[in-house]
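Subject: A structure for you to explore

Hello,

Here is the structure I promised to pass on to you. Have a look around it first, and then read my notes below.

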Amino acid sequence: MFILGSASPRRRQLLEQIGCVPDVVRLPDIDESPLTGESPRDYCSRMAVEKVNSIASESLDIVLSADTTVALGRRILGKAENAAEAKDLLQALSGRRHRVLTAVAVKCDSIVRKRLVVSQVRMKRLSEQEIRHYLLTDDWCDKAGAYGIQGSAASFIPWISGSFSAIVGLPLAETTALLQSFGYSIGNN
């Protein structure tokens, strides 16, 4: 059985793009607080592994979990709790380059394999009106850094270097390789 350990509808949609439909979706239940002094890379990788390990599975089940983290320097920008926090995050990113890290972890039995993909993103300088309008869309909800490149915030992003699908939430090339390393046949499920 293939289990997706994620509440993200974006990850489900990305998996469907490669012909991969989970048999079941289970939500990870972990503490997502960064450790004191933890780097964005270490945090993102740890989250993916903790998520995949928190999902109940049986022998030979394949479980996939992922984490997407937005980092401005060493600062981890999480999900905004409200519009005021979202505004603060967008103002911090406005006119700057930042990194979007997505770690994928796949587990079968007790074996866990993971990959971390780091992409660079530049956000244009945002006006107060652009931020105010974006906050009204609620597209910032449940997204690291308070934006989703696949939605209306795409107009804020003139340049990326890296994996578009990883910025959305799941690096498809790396995910395919991890699933295939456990014998999972992509596109035939």
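Strand β5 (residues 97-108) and strand β6 (residues 111-122) run antiparallel and are joined by 12 bridges. Before going further, please keep in mind that this is a predicted model, in which local features need pLDDT of at least 70 and side-chain atom pairs count only at pLDDT 80 or more, while totals for chains, interfaces and linings use all residues. Residues are numbered from 1 along each chain as its sequence is written, and side-chain values use heavy atoms, with hydrogens and water left out.

Helices (H or I, at least four residues) and strands (E, at least two) are DSSP runs, numbered from the N terminus. Two strands pair if DSSP finds at least two bridges between them.

To see one of the bridges, find R99, whose partner in β6 is Q120. β5 and β6 make a hairpin with 2 residues between them, and D109 in the turn has a positive phi of about 55 degrees.

**The cores**

Which residues have the most contacts inside the largest nonpolar core? They are L90, Y147 and L179, in a core of 45 residues. A nonpolar core here is a set of buried Ala, Val, Leu, Ile, Met, Phe, Trp, Tyr and Cys residues joined through side-chain atoms within 4.5 Å. Buried means under 20% relative accessible area, exposed means over 50%, and partly exposed is in between (1.4 Å probe, protein chains only).

A second, separate core has 10 residues, among them A48, V63, A71 and A105. In soluble globular proteins, nonpolar side chains tend to be buried together.

Leaving aside its neighbours within four places in sequence, Y147 is in contact (heavy atoms within 4.5 Å) with residues including L90, H98, V121, Y134 and I157.

**One face of a helix**

In α1, the residues R10, R11, L14 and L15 are buried. Look down the axis of α1: its buried residues fall within an arc of 135 degrees, so they line one face of the helix. That arc is taken from the directions from the helix axis to the C-beta atoms. The cover over these buried residues includes β1, β3, α5 and α6.

At the start of α1, a side-chain oxygen of S8 comes to within 3.2 Å of the backbone nitrogen of R10. Just after α1, G19 has a positive phi of about 75 degrees.

**Loop residues worth a visit**

Most residues other than glycine have a negative phi, and most peptide bonds are trans. L60 is not a glycine, yet it has a positive phi of about 75 degrees. L60 sits in the loop between α2 (40-54) and β3. Is L60 buried or exposed? Its relative accessibility is 62%, so L60 counts as exposed. Not counting residues up to four places away in sequence, L60 touches M1, C108 and D109.

D138 also has a positive phi, near 60 degrees, without being a glycine. You will find D138 in the loop between α4 and β7, and at 47% relative accessibility it counts as partly exposed.

**Aromatic pairs**

How many aromatic pairs does the structure hold? There are 2. Rings of Phe, Tyr and Trp (its six-membered ring) pair if their centres lie within 6.5 Å; planes under 30 degrees apart count as stacked, over 60 as edge-to-face and the rest as tilted.

The rings of F2 and Y184 have centres 5.0 Å apart and planes at 45 degrees, so this pair is tilted. F2 lies in strand β1 and Y184 in the segment after α6, so the pair ties together parts 182 residues apart in sequence. Both F2 and Y184 are buried.

Y134 and F156 form an edge-to-face pair, 5.4 Å centre to centre with 70 degrees between the planes. Y134 is in helix α4 and F156 in the loop between α4 and β7, 22 residues apart. Y134 counts as buried at 1% relative accessibility, and F156 counts as buried at 5%.

Enjoy exploring!

Methods: Polar contact = N/O pair within 3.5 Å; in protein donor to acceptor, adjacent residues only side chain to side chain.
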